[in-house]
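Hi,

Here is the structure I promised to pass on. Have a look at it first, and my notes follow below.

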Amino acid sequence: MATVDDLKFQEFDDAANLLAANPDATTISIDEPVEIPKNQHGRLQEPGREEDDELLGTDDSDKTELLAGQKKSAPFWTFEYYQTFFDVDTYQVLDRIKGSVFPVPGKNFVRLYIRSNPDLYGPFWICATLVFTIAVSGNLSNFFIHLGKPTYHYVPEFRKVSIAATAIYAYAWLIPLALWGFLMWRNSKVMNIVSYSFLEIVCVYGYSLFIYIPTAILWIIPQKVVRWVLVLFSLCLSGSVLVMTFWPAVRDDNRRIALATVGTIVLLHALLAVGCLAYFFDAPELDFPAPIIPAHNGTVNKITMPVSPSV
Amino acid sequence: MAAAEGSGGAGGPLFAGLADVSISEDIPVEGEITVPVGSRSPDEDFSTLDEPVRDTIMRDLKAVGKKFVHVMYPKKSSALLRDWDLWGPLVLCVSLALMLQGGSADSKDDGGPQFAEVFVIIWFGAVVITLNSKLLGGTISFFQSLCVLGYCVLPLTVAMLVCRLVLLAGSGTVSFVIRLIVVVAMFGWSTLASTAFLADSQPPNRKALVVYPIFLFYFVISWMILTFTPQ
């Protein structure tokens, strides 16, 4: 039977004192995930990969897997399972949006902001906002372009909302699915340290679309140069977020495949922007005097030829 | 156990004599079991089957009317939340969709929203917002949230009515400015009314996450009202 003395609470010595007594004992220290305590790594590191660790956050990945295992324990047919995907506060959503608009060179968006808490709130509502923003801005832009013409009758163009919704939601969900499948397949061939879950990829894509919302509003300005500058600018910002996220995942692979993957990601992103600009926003019309064609009854008609709706 | 034996054997003051009681099997035990009720239960003299139909309808109409008044003057009363009903939202949604009908259907695809589209947008939007608030940890029930969001469409329905009347008078710049002011004011009223009712049921650090979709929902409806052009 345990004596009463053994059951009393004991004060433990300071860690330094204990370590001085037994220098060979294993120690565990819990740090901020951003720091990399170099003495914790079990394997040797080449000096060139130190900067990449900030992108990978390999010290973080062990803890994130533990955390991931604790979180989603509810079966998928209960409501609580889906509540785990909405476990974000206002300031977290705002931080993630800020991180997607101002990419810090060298920091991985997933490791820095998502940290094994991917949410579906951001992707869903950013896509919804983008759908309505593009439809409304396109409508307004066409209205202003055709404003002075006597033959113009304003139409609300409501069908374009459903087209925009299909396009944007397909992009935000099917491309991450394809990318995730592709990364899983390459992971089985090449040992990668970094692998993202499907929801993290959806999260990155959803938040990277945020920059297009103010871009779509600014596309109302009926100047071709302005529109293309905006396309390039927003493509650079959100494309860089995507590249910095996915480059560590494919870097260890065959050089060509890695470059092709990252190139495809950027290309599809650019295609979305250009496609939206082309379809929803009519080109600002250029009035150039066409050759004067004599009409049948002798009067002279001057024809202005509008540019066909392409960018 | 030792203490219980002690009191039984000594014949404590509470249960004296009970140990000796036994009921003979020859004597039938009979009697009435009634629950003494202080007053008559309200169900006995309030059967809705016997009342005239007019009373039944008027009771529901009065409840709907009271909720309309609560929306127009959103004080912090909980009548909207406690007794939810979906009659008001249905009436508002149908009338709004009917009034948005027939908006410039000259070309095949470029017209305004059709009846079914308005209906689906309002109900599907309300369901999505309710699911969103419940997933974020809100304590409001599903139908209560639908009820509040539906009733708060009332200012926008009034705005639609005003817009149609203004468009009867003319469709120039002045009428557009009037319509813009009316729609913006009613949009603000709708959003503030529904936020006043719904924001309290959310965790405090997620209020903005819940209010933003409501803002987007009423913005879309306001846009449909503002861009309505009669054929």
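For what comes next, a salt bridge means a side-chain nitrogen of Lys or Arg within 4 Å of a carboxyl oxygen of Asp or Glu. By that rule there are 3 salt bridges across the interface of chain A and chain B. In one of them, the side chains of A:Arg159 and B:Glu117 meet at 3.2 Å, N to O. Do keep in mind that this is a predicted model.

On the interface itself: chain A puts 25 residues into the contact and chain B puts in 31 residues. Between them the two chains bury about 2,600 Å², with 65% of it on carbon and sulfur atoms.

The crossing is left-handed. From α7(A), A:Tyr121, A:Phe124 and A:Trp125 make the contact, and from α5(B) it is B:Val128, B:Ile129 and B:Asn132. Sorted by type, those residues come out as 5 nonpolar, 1 polar and no charged.

Lastly, a spot within chain B. B:Val182 sits in helix α8 (residues 173–198) and touches B:Ala159 and B:Val162, leaving aside residues up to four places away in sequence. B:Leu156 is 26 residues from B:Val182 in sequence, and their C-alpha atoms are 9.2 Å apart.

Cheers

Note on methods. Residues are numbered from 1 along each chain as its sequence is written. Chains are lettered from A and ligands numbered from 1 in the order in which they are written. This is a predicted model: local features need pLDDT of at least 70, side-chain atom pairs count only at pLDDT 80 or more; totals for chains, interfaces and linings use all residues. Side-chain values use heavy atoms; hydrogens and water are left out. A crossing is left-handed if the near helix is turned anticlockwise from the far one by less than a right angle, and right-handed if clockwise. Helices (H or I, at least four residues) and strands (E, at least two) are DSSP runs, numbered from the N terminus. Contact means heavy atoms within 4.5 Å. Ala, Val, Leu, Ile, Met, Phe, Trp, Tyr, Cys and Pro count as nonpolar, Asp, Glu, Lys and Arg as charged, and the others, Gly among them, as polar. Buried area is the accessible area (1.4 Å probe) that two parts lose on being put together, summed over both.
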